[in-house]
Amino acid sequence: MTATYTFDVFMSLDGYGGVNGGDWGGYWGKQGPQLLEHRLALFDEKQRMVFGANTYRLFAEMMAASTDESEVRDPWVTRMRDMPATVVSTTLREPLDWPDATVVSGDAVDVVARLKAESDVPLRSHGSLSMNRALMAAGLVDYVQVTLFPVITGQTGDDPIFQGAADFDLELIENRTLDGRTQELIYRPSVHVSAR
């Protein structure tokens, strides 16, 4: 049986995954108790995290620079960090500053295809934008889980989530509103086939 793969991403309404400057703070300042509880519950089930090298480095740097009181150490992030992880990289070497991480060198499409065939637990990737765009184009992403924050970051938006991605049709599988303002949308993507 093939393991499912979820591309899990936080995004502003205008499609950015982060900010460059400004005073937004984490979660664009819009986190609430329902969001944090829901995120924690997502990591109750066994799964394997998959990261690209840049996202791994970002998470590792944020964790190293944070304190126990920091939102970087929200319980869901700590639980995610404690899960087994595969980091796809040609530059990183073990040991990593991650409790149960393995570095796998090679093309992400080949690595994830092999993981999907061999894993007995679902696979999840949080962030890792360029890697996940390539995996979507290769048909390896089963679900795109977008947590859509109610902000427009036209002046400070950074990391456009789908910039340069292929065209996809999306089938809405699940949706919910958290804290009365943040949307979680789970889609099944399929590469758009032109009618021409």
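Aspartate 142 and lysine 116 form a salt bridge in which the closest N and O atoms are 2.4 Å apart, a salt bridge being a side-chain nitrogen of Lys or Arg within 4 Å of a carboxyl oxygen of Asp or Glu. Because aspartate 142 lies in the loop between helix 5 and strand 7 and lysine 116 in helix 4 (residues 108-118), this pair ties together parts that are 26 residues apart in sequence; helices (H or I, at least four residues) and strands (E, at least two) are DSSP runs, numbered from the N terminus. The structure is a predicted model, in which local features need pLDDT of at least 70 and side-chain atom pairs count only at pLDDT 80 or more, whereas totals for chains, interfaces and linings use all residues. Residues are numbered from 1 along each chain as its sequence is written, and side-chain values use heavy atoms, with hydrogens and water left out.

By the rule given above, the count comes to eight salt bridges. Among them, aspartate 8 meets arginine 39 at 2.7 Å, N to O, a pair that links strand 1 to helix 1 (residues 33-42) across 31 residues.

Eight strands form an open sheet of mixed pairing, in the order 5-4-3-6-1-7-10-9, where two strands pair if DSSP finds at least two bridges between them. The edge strands, each pairing on one side only, are strand 5 (101-104) and strand 9 (168-178).
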